[in-house]
Amino acid sequence: MPSLDNYKGQNPAWCPGCGNFAILKALKDAVVELGIEPHQFTIVSGIGQAGKLPHYMKCNTFNGLHGRTLPVATGIRLANHEMLVIAVAGDGDCYGEGGNHLIHAMRRNINVKLFVHDNQIYGLTKGQASPTSTATDKGGMVTKNQPFGILSEQLNPIAMAIALDCSFVARGFAGDMPNLKVLIKEAVTHKGFTLIDILQPCVTFNKINTYEWYKQRVYHIEPEYNPEDRIEAFKKALEWGDKIPIGIIYRNHRPAFEEKIPVIKNLPLVKQSFNISKLEITLKEFL
Amino acid sequence: MDYSIKIGGEAGQGIQTIGDTLAKVFSRSGYHVFTHQDYESRIRGGHNFFQIRFSDKPVMASREKINILVALDKESIGQHEKELAENGQIIYDSKTLNSQPSTQNSVDIPFVNLAVERSGNKIMANTVATGAVLGMLGMEMDILLEIIKDTFKKKGEDIIKANINAAMAGYDHAIKRCIKCTFSATPLSKPKMLIAGNDAIGLGAIASGCKFYSAYPMTPSTGIMNYIADKAKDYGIIVEQAEDEIAAINMSLGASFAGVRAMTGSSGGGFALMVEGLSLAAMTETPIVIALAQRPGPATGFPTRTEQADLNFALYTAHSEFPRVVFAPGTPEQAFYLTNKAFDISGKYQIPVFILTDQHLADSQWTFDGFDLSKIKYTDYRLRGDAFRNLSEYKRHAFTDNGVSPLGVPGDARHLVVTDSDEHDEEGHIVEDAATRIKMVNKRFFSKLPLIRQEIEPPLLYGHPNPDIVLTGWGSTFGAMKEAVDRLKKECKIAMLHFSEIYPFPSTKKLNYLKILREAHAALCIENNATSQFARLMKTETGYTFTGMINKYNGRPFTIEGLLKEINAILR
């Protein structure tokens, strides 16, 4: 069985107090408790503070381009569906630059676990608005490069995911690590695409959505709540402001994309050997 | 004997079906065949044509003169009547066209009425026309009937019978009516293989063990995806239509990272979106093959036409500095073998390799005696299974003598496979230090490059070994140049230098092409673009300047006569 020691990676270059530390710890605890060894999974990450996460633990890693985690993760899963594939991205990375890929990953229901470190701001580029920043007229911030305030509406990734019938939609909070660990474990064992939007305070640039701000608002979704009721899930998704629900908001049981591809029904693509002999027959088709 | 048949009509009238069927009849009869298509960016209407040339000698480009024009619309007569050769004939159906050609050399054949009378369905008018062409040529019908049986096997006996009746009706009618026909085409020996450029690339990918192809549809590259998708089940390949080209290249890189051979393809506009992915492939040293099928730009340009103006794009695009290989096949046969070589080199050196083609090559069909599968190279360069497990230590980007670090398959061993788009250390983790940066650039670029250079074959010299006149080109101008040499070789010492392995630029060790060029009186660089991109590359790489340039940039390929005219104008 793997232990936390197996997962010690490089020293993080995040700001002290960053919400990312808790996400990293929750993820490590989750894989340890699930008995998954470092070589048995791959983390695909993009660019931004979240993108650095796989370097701070032990696992196969493809730290690719900004916004492009999901297509790379999709390619890995299609080539080897026995490999657990986790994608970590930030809010700018996934909801801004990579928005199109997110829509289509949900449509496909590729069995990739997406964890979005949502700090409602751009950290690595020093404090610009992100797709999930609150509009200034609704109490949001004013940034250096949005001199008239944030004019665009805040994206609601949870509601968008439910609209796209994403097969697992949850919200976590970096200030509630035990709960986040449970959500990650649920996502990893779910068969299909999973989104966990993780509220993650940026201690350096986001002076509004602080630990304190979130702590006053987040609450655990009631145990009697049924995440398989899509209409109820929409209602839950629209809760934001004084009360912010955390937990599994929506779940369905659509078959994963990989399960529907006949050529990998018996064996992952990467395990299939190549035989040129059939080609003689194919060549005859041109006669 | 050297005949050209042109089938003209609106999109949606079935021009391609007639053309494909006739081409197959000729190739199965043992003739050398060349077909090319000229179509508009629309599904219905407009004016399109399909041109077939067949001969008892090798043919590899289109001619301007037409022997039989199958006119399915009025426009065909208006536009192409003037292209008729002396013995040329037009066949048409006056009832559907509501007009008649001005020339006496025409035969009115009621395609639609014969279809309705003999097969009960006007949809078979095209089969009537196909039969009529064979009647005009005085060919036997057995091969066409065989093709009809193959094509409609799944649709049942009734459909087969109806099509045979329609074909025979057209055939008999043409024999009776075309008194002035002087054509003669008796079958030759062995059937030949008939294949288009796109299919040859797809086939080459399959023959190279490609397991993953992701792309977004874009003319003229879509045929590659179609061909591979058609064979996906037989060969265990995943073909995924991505949401955009950015996803296409990133998915292919993901699949390649996970341990399978992967490819993507597009045309210029789509490839523009892939550019950051190209540089990702370079930084992560992930093998990938990219088919770039050129069409005229900028922007949307001429979506269905041809140009060779993306050479610079393939050579120089993507930020920073890294090695890449660019192949530009001139024939479907070259496309087949070079696609295989692309996979081999890409896997061996963990670099991106381009197949640079264009609409002309993508859509034109050629005949060959066959492809030799014993020439196909398949070496699995990856570290898998026990070989990976038994290593005591593994670093994805380890420094080695040749710059190539073993590429492990993630999950096959307890060793971790880590890579990064950031500059990284040997293990694949992010670094910021200058010393590692220098070592990594040296590894990726300077260590690999001399080895990659050695893989590149020299241009093909065809014609006189010490020519006075040299026609130089690359990619799809091959056919027109080669036939031009054949036409002129009795008059002068002439040769073609055709470059299909363009970058890294071939050395002169195996063939001193620079000596040949320098000793010629006239060395012409022939390109389907406006700015002589290859001639500039030659100048940059070797310092050599061609004595003259021939450029064509109207979106159409060179014809033999057109090229000869340009050559004569320069030489005179």
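Visitor: In which sense do strands E5(A) and E8(A) pair, parallel or antiparallel?
Guide: This is a predicted model. Strand E5 of chain A covers residues 168-173, and strand E8 of chain A covers residues 244-251. A:Val169 has A:Tyr250 of E8(A) as its bridge partner. Over four bridges, the sense of the pairing is antiparallel.

Visitor: Which residue of E6(A) is the bridge partner of A:Ala170?
Guide: Strand E6 of chain A spans residues 194-199 and pairs with E5(A) in the parallel sense, over five bridges. The two strands also belong, with helix H6 (residues 177-189) of chain A, to a right-handed β-α-β unit. Within E6(A), the bridge partner of A:Ala170 is A:Ile196.

Visitor: How many residues of strand E5(A) are buried?
Guide: A:Phe168, A:Ala170 and A:Gly172 point one way from the strand, while A:Val169, A:Arg171 and A:Phe173 point the other way. Residues on both sides are buried, and the strand is described as mostly covered. The number of buried residues in E5(A) is six of six.

Visitor: Which strands stand at the edges of the open sheet of nine strands?
Guide: The order of the sheet is E7(A)-E8(A)-E5(A)-E6(A)-E4(A)-E3(A)-E1(A)-E2(A)-E17(B), and its pairing is mixed. Each edge strand has a single partner strand, so one side of each is left without a neighbour in the sheet. Direction ignored, neighbouring strands are turned against each other by 20 degrees on average. The edge strands are E7 (218-220) of chain A and E17 (418-420) of chain B.

Visitor: What is the bridge partner of A:Val218 in E8(A)?
Guide: E7(A) and E8(A) run parallel and are joined by three bridges. In E8(A), the residue that partners A:Val218 is A:Ile244.

Visitor: Which element gives the most to the side of chain A that touches chain B?
Guide: In total, 44 residues of chain A are in contact with 55 residues of chain B. The elements of chain A that give two or more residues to this side are strand E2 (60-63), H2, H4 and helix H9 (279-284). By class, the side has 22 nonpolar, 17 polar and five charged residues. With eight residues, the element that gives the most is H2(A).

Visitor: At roughly what angle do the axes of H2(A) and H4(A) cross?
Guide: Helix H2 (residues 69-79) and helix H4 (residues 99-108) of chain A have axes that come within 8 Å, and the crossing angle is roughly 35 degrees. A:Leu70, A:Pro71 and A:Thr74 of H2(A) make the contact with A:His101, A:Leu102 and A:Ala105 of H4(A). These residues divide into four nonpolar, two polar and no charged.

Visitor: Within what arc do the buried residues of H8(A) fall?
Guide: In helix H8 (residues 230-237) of chain A, A:Ala233, A:Lys236 and A:Ala237 are buried. Seen down the helix axis, they line one face, because their arc is limited to 100 degrees. On the other side of H8(A), A:Ile231 and A:Lys235 are exposed. The buried residues fall within an arc of 100 degrees.

Visitor: What covers the buried residues of H8(A)?
Guide: The residues in question are A:Ala233, A:Lys236 and A:Ala237. Their cover includes a helix and a strand of chain A, namely H5 (157-163) and E8.

Methods. Residues are numbered from 1 along each chain as its sequence is written. Chains are lettered from A and ligands numbered from 1 in the order in which they are written. This is a predicted model: local features need pLDDT of at least 70, side-chain atom pairs count only at pLDDT 80 or more; totals for chains, interfaces and linings use all residues. A residue is buried if 20 or more other C-beta atoms lie within 10 Å of its own, exposed if 12 or fewer, and partly exposed in between; C-beta atoms are placed from the backbone. Two strands pair if DSSP finds at least two bridges between them. A crossover is right-handed if, with the strands pointing away from the viewer, the path from the first strand over the helix to the second runs clockwise. Axes are lines fitted to C-alpha atoms, for helices over the stretch in contact, and angles run from 0 to 180 degrees between N-to-C directions. Two residues are in contact if their C-beta atoms, placed from the backbone, lie within 7 Å. Ala, Val, Leu, Ile, Met, Phe, Trp, Tyr, Cys and Pro count as nonpolar, Asp, Glu, Lys and Arg as charged, and the others, Gly among them, as polar. The arc is that of the directions from the helix axis to the C-beta atoms.
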